[in-house]
Amino acid sequence: MTQIYNFSSGPAMLPVEVLRRAEQELTNWKGLGTSVMEISHRSKEFIQVAQEAESDLRDLLKIPANYKVLFCHGGARGQFAAIPGNLLGSAATADYVDGGYWAHSAILEAEKFCAPNVIDVKTVLDGKRAILPMSQWQLSDDAAYVHFCPNETIDGVAIAEQPAFGNKVVVADLSSTILSSPLDINRYGVIYAGAQKNIGPAGLTIVIVREDLLGKARKEVPSILDYKVLADNDSMFNTPPTFAWYLSGLVFKWLKEQGGVAEIDRINQQKADLLYGVIDKSDFYRNDVATSNRSRMNVPFQLADASLDKLFLDESYAAGLHALKGHRVVGGMRASIYNAMPFEGVKTLTDFMIEFERRHG
Ligand code: PMP
């Protein structure tokens with residue numbers, strides 16, 4: 001059977017070792033004669049899963065003790081509402097950096113809570129899409145926090161700079177980049193990420209929040225989005241997505257076995273270098289993002305002759321390279337190459353691209 005490599009942007013591929021382990025223990029987990037999905041979230045067995053997942057995540061990301069880790073529902077879009085609900089307090093505005101599709105979506109949600117100060121950081125560098133350097137971001141003095149998205153999953157645009165805004169509370173949507181490279185958590189007030197790209201199955205959302213930011217939610221904020229309520233209840237205020245939590249825990253263990261975030265960062269760089277290298281060497285393929293703002297996780301690319309798009313997608317699919325169709329708002333192709341995508345997957349893709357160009361270029 002052809003080896004399948006799945007380049008989906010999310011839900012995305014998971015490490016095969018993790019899936020095999022889940023398969024093995026699916027119907028008889030820990031000798032209980034039942035699956036992990038069918039037991040109480042308050043049982044001692046599940047609480048152990050929950051605690052291990054948290055402590056492995058803390059190890060992987062070196063999360064300082066004064067941060068809470070919350071395992072939530074509602075996806076990153078749920079957090080688009082939770083952030084203003086928890087952090088605005090009596091402030092009338094927050095800074096929202098607009099660098100692409102998802103940052104913009106967060107702004108639309110924030111508008112339900114306040115009048116966000118929108119900072120459009122999109123620019124053009126040598127004819128390519130780029131983001132203004134952080135030193136040029138016009139933050140306002142009266143903003144409760146500054147929100148930005150370091151990796152735009154659809155646009156394929158990334159902000160590599162680390163935030164350094166003095167005492168400002170920095171909030172970041174890391175949905176498509178969490179755990180792909182080391183992170184200095186101390187620079188952030190809140191980090192959040194939907195699990196379905198670099199963590200585990202859809203249904204789980206990770207929030208890492210500095211303790212002093214708890215307990216400030218506006219009273220109309222639903223309890224299920226209130227960080228203090230979630231923290232006080234060890235993320236079990238209501239029934240959590242137990243299977244997604246369990247599976248994410250297996251992914252954290254897998255990541256540790258790979259050598260942790262520093263090692264996966266090295267491999268991610270190799271994968272991105274290989275793919276962008278092939279795109280840049282040819283006139284047949286093109287990526288229109290400035291080198292300094294290219295995403296290592298989501299690589300959009302176009303064929304110079306768009307009439308070949310369908311053939312490219314059909315043939316790549318037949319070769320076992322799945323889900324390469326670009327997002328409907330961008331078109332062309334997109335290869336999402338998160339942690340679980342092995343180097344060989346990207347090598348197989350680039351070999352295919354070179355061969356496709358030879359035949360149709
Ligand atoms: N932010 C980013 C950066 C994303 O990539 C996505 C999903 N593609 C979202 C937010 C929305 O996530 P969810 O579907 O979990 O609400």
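Two residues are in contact if their C-beta atoms, placed from the backbone, lie within 7 Å of each other. The views below show a predicted model, in which local features need a pLDDT of at least 70 and side-chain atom pairs count only at pLDDT 80 or more, while totals for chains, interfaces and linings use all residues. Residues are numbered from 1 along each chain as its sequence is written.

**View 1. The protein chain as a whole.** Among contacts between residues at least 6 apart in sequence, 69% join residues at least 24 apart. The secondary structure comes to nine helices and 16 strands, where helices (H or I, at least four residues) and strands (E, at least two) are DSSP runs numbered from the N terminus. Along its principal axes the C-alpha trace of the protein chain spans about 60 × 55 × 30 Å. Of the 361 residues, 43% are buried; a residue is called buried if 20 or more other C-beta atoms, placed from the backbone, lie within 10 Å of its own, exposed if 12 or fewer, and partly exposed in between.

**View 2. The two domains and the contact between them.** The domain assignment, which is automatic or taken from a database, gives domain 1 (17–257) and domain 2 (260–360). Their centres, taken over C-alpha atoms, are separated by 27 Å, and the contact takes 28 residues from domain 1 and 24 residues from domain 2. Among the elements that each supply at least two residues of the side of domain 1 that touches domain 2 are helix 2 (44–61) and helix 6 (242–257), but strand 6 gives the most, with four residues.

**View 3. Two positions annotated as "binding site".** This annotation comes from an unreviewed UniProt entry and covers Ser9 and Arg42; such annotations may be inferred rather than shown by experiment. Ser9 lies in the loop between strand 1 (5–6) and helix 1 (16–24), and Ser9 is buried, with 22 other C-beta atoms within 10 Å. Not counting residues up to four places away in sequence, Ser9 touches Thr153, Asn298, Arg334 and Ser336. Arg42, in the loop between helix 1 and helix 2, is exposed, with 11 other C-beta atoms within 10 Å. Leaving aside neighbours within four places in sequence, Arg42 is in contact with Ile47 and Met236.
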